[in-house]
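Visitor: I'd like to learn how to read a model like this one, feature by feature. Could you walk me through it?

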Amino acid sequence: MGYVVSSWDLAKIGENPGGQLQKAFFPPVQITREITPVIIYSPETGIYIVDMGVNFTGTYKIKLSGKTGDTITFRFGERIYDDGKMNPMTTVAGQIKRKGVGGPGAPDIAWQTDSYIVGDNDNSWFIPDFTYHTYRYMEIKGLDYKPSVSDIQGLFIHTNVDNKNSFSCSSELLNSIQEATVRTFLGNLVSVQSDCPAREKFGYGGDLNATCESFIYNFDMQSFYRKTIYDWVDAMNDSLFIDTAPYTGIKYCGISWESAFLITQYYLYLYYNDKEIIEELYELDKKWMDKAARIHPDGIVDKGLSDHESMEPVPVQLTGTAHYLQCARIMQKFASVMSDLENEQKYAELSEKLKDLIQTEFWDKPVAGKINRQTLFSTLLYHGIIPANDINAAKDSLLRAVLNAPSGHFNTGIFGTKYVLETLSENISADTVYNIVNSTVFPGWGFMIDNGATTIWETWKESDNTFSNCHPMFGTVTEWFYRRLAGIRPDPENPGFKKFILGPSTPAGLEYVNCTYYSPLGKIISNWKKLQPGTVEYEIIIPAKSSAGVILPISQSQKITIKSGNKNFNPEKIENLQTGKFELGKGEYLITVSSDEKMPFQSVNN
């Protein structure tokens, strides 16, 4: 109030941004859910705290009354302090937490805040139009009355991807972890796949490399990831690696971040049989590989960020060079798809060179200095670097590294966690992984849930001042739910689920799993339940135009029976049925693995 309109300058007409307006081909950002507060309380006179019950990304609507000119302020946070007051510090923009850090005009602490000035209408609904927050708690100042729960709604917003896929099981802890992971993933899908939806909101490539498959297992990500790849095309240059798309000026993380441009293309091919993206970008992909060779002419990656938030150090020479190797293998596959025999050979030779470099540096000789040995051995196993005659030694080393960690749990970071979940299941047993995941002891997902988390943290350790409480990178556990407990895995030789692997695990202590995954060819169902000791029943649906290589855990004392609704189905024609490894075509099946002996059931990892 009190401003003089005549003192204002006239608005200047700017130039348009150019380009051609095109129809969006990916889902819009929308309000998908309204969240009712669980409680509103006052920790101090003049302050009201609204607890939404869960941490989420979005905005809100609130019914407000007051005198004309009154200013009502809102702050938002993921946590509260012990005295009940709101803690905004894990969602501070850009970690601006002291004077002078944010540059001219920046606040001393850049917490999430809104303001509303009451106008002539003293009873109205307010919805902020041009911002979103990450919060569980809303702090309100400036009201002279306590608002009611019916006056406030949280509005969960995200890119509205199709999320018909589902996973649930007999462990309520695993179900809570899955729910928190899905909420975290959706909260980090606001036009870009972000690393956190409050502090930065950037499309970091490292988080994409770590969690791309995890997102695909939960949602239909094809059009969204196509858009993401085009963001990288717009953002990249030909001289150095950048970290985010759209580009925000950050350029220190290196190849493990920018390689998301290429690795995401591969996952579109693997899960959706998207060859068009390869054909469209193949020439640019080759130029990108030339750029990687210029930046790392010796092959070993010596600059950039490594296994972010690992509890022990990990050299970028390990994870960075492993991502370079992954890219070389992807380009070998892309060259094959493009019938480019010359470059297929070129990238095959590069792959062998990089594999040998990593093996020489990290397997053939002792690793000097302190290193996270879980990340070390799981990276080597995941990327197929260990020589065949040394595999057993690598398995033993990985298991020992896990057992020697705090609580015998994982202590890995952004990439190592994905790798260790997969390699420990593949090479040791899913039971070992299950015992870690289904535990509330630190470090682990159960520890987060047991300490009140409703979204996944950025760090294994609890943080009330620095690290995001809504970060997708440790959400790779959901990939393990789908890949190993339900057993649904794509076949690299048959992309788009023309043929896929169905190899569920039945760890001791878990009684059932229900899982649905929508492939490009239709709905896949992988459900199982233990009927009694020694007997497991599997309910399987394989979509039309698809087939599955089935791998079931079975011991010598057990037998397999199979029924189907297919009229012409004859179980006697199934080759190797009693081995637990056989193939099935389209249809609905009920399979029972049972034992004639009255003996405790033991899960066998195949």
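Visitor: Let me start with one side chain: does Trp 363 count as buried or exposed?

Guide: Buried means under 20% relative accessible area, exposed over 50%, and partly exposed in between, with a 1.4 Å probe and protein chains only as cover. Trp 363 has 18% relative accessibility, so it counts as buried. Before we go on, a word on the ground rules: this is a predicted model, where local features need pLDDT of at least 70 and side-chain atom pairs count only at pLDDT 80 or more, while totals for chains, interfaces and linings use all residues. Residues are numbered from 1 along each chain as its sequence is written, and side-chain values use heavy atoms, with hydrogens and water left out.

Visitor: Where does Trp 363 sit, and which residues does Trp 363 touch?

Guide: Helices (H or I, at least four residues) and strands (E, at least two) are DSSP runs, numbered from the N terminus. Trp 363 is in the loop between helix 8 (341–362) and helix 9 (373–382). Contact means heavy atoms within 4.5 Å. Leaving out residues up to four places away in sequence, Trp 363 touches Ile 358, Phe 377, Leu 380, Ile 386, Pro 387, Asp 390, Ala 393 and Ala 394. Take Phe 377: 14 residues separate it from Trp 363 in sequence, and their C-alpha atoms are 8.7 Å apart.

Visitor: How many residues of helix 9 are buried?

Guide: 8 of the 10, so helix 9 is largely enclosed by the rest of the structure. The buried ones are Gln 374, Thr 375, Leu 376, Phe 377, Ser 378, Thr 379, Leu 380 and Leu 381. Their cover includes helix 7 (316–337), helix 8, helix 10 (391–403) and helix 11 (416–427).

Visitor: Let's turn to the backbone. Which residues are joined by a cis peptide bond?

Guide: For this feature, look at omega. A cis peptide bond joins Ala 245 and Pro 246, with omega about 0°; Pro 246 is in the loop between helix 3 and helix 4 (255–258). Another joins Phe 442 and Pro 443, with omega about -5°. Pro 443 is in the loop between helix 12 (430–437) and helix 13 (445–450).

Visitor: What about phi: what value does Ser 191 have?

Guide: Phi of Ser 191 is near 75°, a positive value in a residue other than glycine. Ser 191 lies in the loop between strand 12 (189–190) and strand 13 (192–193), and at 30% relative accessibility it counts as partly exposed. Lys 201 also has a positive phi, near 65°. Its place is in the loop between strand 13 and helix 2 (205–218), and with a relative accessible area of 28% Lys 201 is partly exposed.

Visitor: Now zoom out. How many helices and strands does the protein have?

Guide: There are 14 helices and 22 strands. The radius of gyration, taken over C-alpha atoms, is compared with a globule rule of 2.2 Å times the number of residues to the power 0.38. Here it is 26 Å, close to the 25 Å that the rule gives for 606 residues, so the protein is as compact as a globular protein of that length. Its C-alpha atoms fill a box of roughly 85 × 60 × 50 Å along the principal axes.

Visitor: And how much of the protein is buried?

Guide: Buried residues make up 55% of the 606 residues. As for contacts with a separation of 6 or more, 71% are between residues 24 or more positions apart.
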